[in-house]
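Open the model in your viewer and keep the selection tool ready. We will go from stop to stop.

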Amino acid sequence: MRRRGGGTAPADDDGAVIVELHLADLHPALEDPALNSMNFLNEVAQDYPDAVSLAAGRPYEEFFEFSALHRYLDLFRQHLVDDLGQDPVQVHRTLFQYGRTKGIVHHLVARNLAVDEGITVDPEAIVVTVGCQEAMFLVLRALRADPRDVLLAAAPTYVGLTGAARLLDLPVRPVATTDSGVDLADLRAQVHRARAEGLRPRACYLMPDFANPSGTSLSLADRRALLDLAAEEELLLLEDNPYGLFPATESRRLPTLKALDTDRRVVYLGSFAKTVLPGARVGYVVADQPVVDADGGKGLLADQLAKVKSMVSVNTSPVAQAVVGGVLLAHDCSLVTATVRQRAVYADNLRHLVHGLARRFPAGSSVGWTVPAGGFFVVVTVPFPVDDALLHRSAREYGVLWTPMAHFYGDGAPVYALRLSVSAVTRDDIDRGLDRLAALVAGEVTRRDSGPGAR
Ligand SMILES: Cc1ncc(COP(=O)(O)O)c(C=O)c1O
């Protein structure tokens, strides 16, 4: 069959004509590179199973135990009976039925925030979500009310945030960062610039602790200055904190923005993916901002987010929440206590990676790197642009995977940096990965020096 335009109508394997859609007719964000990033980075690892992956920001799998799942489920079941006074029918319903939109472990999350972070929050201000990813989506959906709305975000920015914003037609304006996190002068300048253009900056998204991908952290003085600046500019802050429990040294962790927040300016995004179990897909948002309606009635932003959630995922799986709840109960609601082993391994890996870089790229070499105070990620700068084609060549010819930093800028400009992750590897993997990375860098430098145009 001939089609308008001269092509052949699409058909399935049996020759039956089938419907074909055009990408250009779907939401424009689906053509945006930000939405391909996560899949691309996952798939590239599958294409090269023998390569050492210093790319994945996932937790180390040896920490997960199948048998522990049952123990945690049972602890939570017992908690429903002993602490919440539920009878067997109620327990059955809580665990197996559709449930409360804002979640069933909100009270334990509130206790966890008090114990580990010194954050005091009404459990009603917490929405338990399908990973932190859903939490970001709910918040951005609620904030994006008008075509003039824009989001500011510390750049480089986590792709999950950029992708969610694009899907919601919410432009993201980058805010510069320094070695010590978001550049406060640039943040103020960006707010003023956006307003001068008639736009409404709704919030600034950032990770004050061991950011993904930059690894940077904000000093205590800058946290306070940021809160003051946000108050002066009447700007909400979206604080994302998946890595805060993984400092590289045992020195005291800095307070989160939310812990320092006295005027409910901070919407706090939490994830149990790195601390407990990514497969549970449980995260949360603390949204304790009062929302006033047209009749003067008041509720919390969390209640508005719950409305959005009821139309996105109905509720977070109670079984998954029960597992996370069990882990919290097993450790008196302290994830600091629950993650002692993880913290030691990630900190050791981070030190090993940084020392390994110093050994392979001596002072004076054209390669540089960050030395983060914690978290999973180190950014390596190299004397050539780093793109997806180079990543493929690295995997194919050198057997090592990493993440091109270009994915975290999304403006198409060349980026001379890559991200290494220490979370899903052993010391041996790091050694082998760095040997291969050093070979790649040497190969690239030689190739470029001797290629066409080389002087
Ligand atoms: C900065 C940041 N925020 C959010 C997430 C997503 O967390 P979750 O797995 O809970 O959706 C990640 C995952 O890597 C992340 O790095």
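Start with the rings: the structure holds 10 aromatic pairs (rings of Phe, Tyr and Trp, its six-membered ring, with centres within 6.5 Å; planes under 30 degrees apart are stacked, over 60 edge-to-face, the rest tilted). This is a predicted model, where local features need pLDDT of at least 70, side-chain atom pairs count only at pLDDT 80 or more, and totals for chains, interfaces and linings use all residues. Numbering runs from 1 along each chain as its sequence is written, and side-chain values use heavy atoms, without hydrogens and water.

Select Tyr60 and Phe63. Their rings pair edge-to-face, 5.8 Å centre to centre, with 75 degrees between the planes. Phe63 is buried, at a relative accessible area of 11% (buried is under 20%, exposed over 50%, partly exposed in between; 1.4 Å probe, protein chains only).

Next, select Tyr243 and Phe377. This pair is also edge-to-face: 5.3 Å between centres, 80 degrees between planes. It links distant parts of the chain, 134 residues apart. Tyr243 sits in the loop between strand S8 (236-240) and helix H9 (257-260), Phe377 in strand S14 (residues 377-381). Helices (H or I, at least four residues) and strands (E, at least two) are DSSP runs, numbered from the N terminus. Both Tyr243 and Phe377 are buried.

Now widen the selection. Ring pairs join Tyr60, Phe63, Tyr243, Phe246, Tyr346, Phe376 and Phe377 into a cluster.

Last stop: Arg448, in helix H15 (residues 427-450). Arg448 is partly exposed, with a relative accessible area of 34%.
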